[in-house]
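Let's take a friendly walk through this structure, one residue at a time. Keep the model open beside you as you read.

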Amino acid sequence: VLHICWGAQAGLYYHYGLQKHPLPQKVSGIFHHSLQRPTLPIVRGFDDRFCAPHSRHTEVSVADILANNELELIALSDRAGAYLVSAHGGRQLFVMGHPEYDAETIALEYRRDLGKGLNPEIPYNYFPGDDPSQLPLNLWRSHANLLFSTSPRLTTSNSWRRCRPFC
């Protein structure tokens, strides 16, 4: 089962009782992540550091994830927190960001929030030169394609743990 962003937070609460916590400000933009478990098949082909979009007002804390021995933290951002978490040997995947976003999606959210008078911060590491008049680049497409092409096979088979490192 693949859970994404709010669905990941809801799934972690439903299955493991982990609470979401409000953030002091919205996390929005493109964040660098590092692999904590680079030999797992779900991240086969990922760079050691990769970019992924986030757009949310709440989070499940890294400390809460690490404190639960049924969960495995696979990828993490220093600025955006947990990104990829697994359970049941990979049969459940919780993606805290938005790898499915197109290059323009965060720009549309930003402009929507401006139009509502919410005065949002410019999304982090998103617009070239932090200039909202510039077109953003999609810096996460390759990792997103790897994630979405690998996860269905792994979550429906028991090959997740049988695979040797770097297979």
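This is a predicted model: local features need pLDDT of at least 70, side-chain atom pairs count only at pLDDT 80 or more; totals for chains, interfaces and linings use all residues.

Where does His33 lie? You will find His33 in strand E2, which covers residues 21-35. Is His33 buried or exposed? His33 counts as buried because its relative accessibility is 0%, and the cut-off for buried is under 20%. Leaving aside residues up to four places away in sequence, His33 touches Asp48, Arg49, Phe50, Cys51, Ala52, His54, Leu76, Ser77 and Tyr83. Leu93 is 60 residues from His33 in sequence, and their C-alpha atoms are 16 Å apart.

Now let's turn to the charged side chains. How many salt bridges does a search of the whole structure find? The search finds four. One of them joins Glu109 and Lys26, with the closest N and O atoms 3.9 Å apart. This pair links distant parts of the chain, since Glu109 is in helix H3 (residues 105-115) and Lys26 is in strand E2, 83 residues away. Lys26 also forms a salt bridge with Asp113, where the closest N and O atoms are 3.4 Å apart. Because Lys26 lies in strand E2 and Asp113 in helix H3, this pair ties together parts that are 87 residues apart in sequence. Lys26 is partly exposed at 24% relative accessibility, whereas Glu109 is buried at 13% and Asp113 is buried at 7%. A network of salt bridges links Lys26, Glu109, Arg112 and Asp113.

Another salt bridge brings together the side chains of Glu72 and Arg37, at 1.8 Å from N to O. Here, too, distant parts of the chain are linked: Glu72 is in strand E4 (residues 71-77), and Arg37, 35 residues away, is in the loop between E2 and strand E3 (49-59). Glu72 is buried, with a relative accessible area of 14%, while Arg37 is partly exposed at 32%.

Our last stop is Thr150, in helix H4 (residues 141-155). Thr150 is buried, with a relative accessible area of 6%. A polar atom of its side chain lies 2.8 Å from the backbone oxygen of Leu146. Not counting residues up to four places away in sequence, Thr150 touches Pro41 and Ile42. The C-alpha atom of Arg44 is 8.3 Å from that of Thr150, although 106 residues separate the two along the chain.

Notes
Residues are numbered from 1 along each chain as its sequence is written. Side-chain values use heavy atoms; hydrogens and water are left out. Helices (H or I, at least four residues) and strands (E, at least two) are DSSP runs, numbered from the N terminus. Buried means under 20% relative accessible area, exposed over 50%, partly exposed in between (1.4 Å probe, protein chains only). Contact means heavy atoms within 4.5 Å. A polar contact is a pair of N or O atoms within 3.5 Å; within protein, one must be able to donate a hydrogen and the other to accept it, and residues adjacent in sequence count only if both atoms are side-chain atoms.
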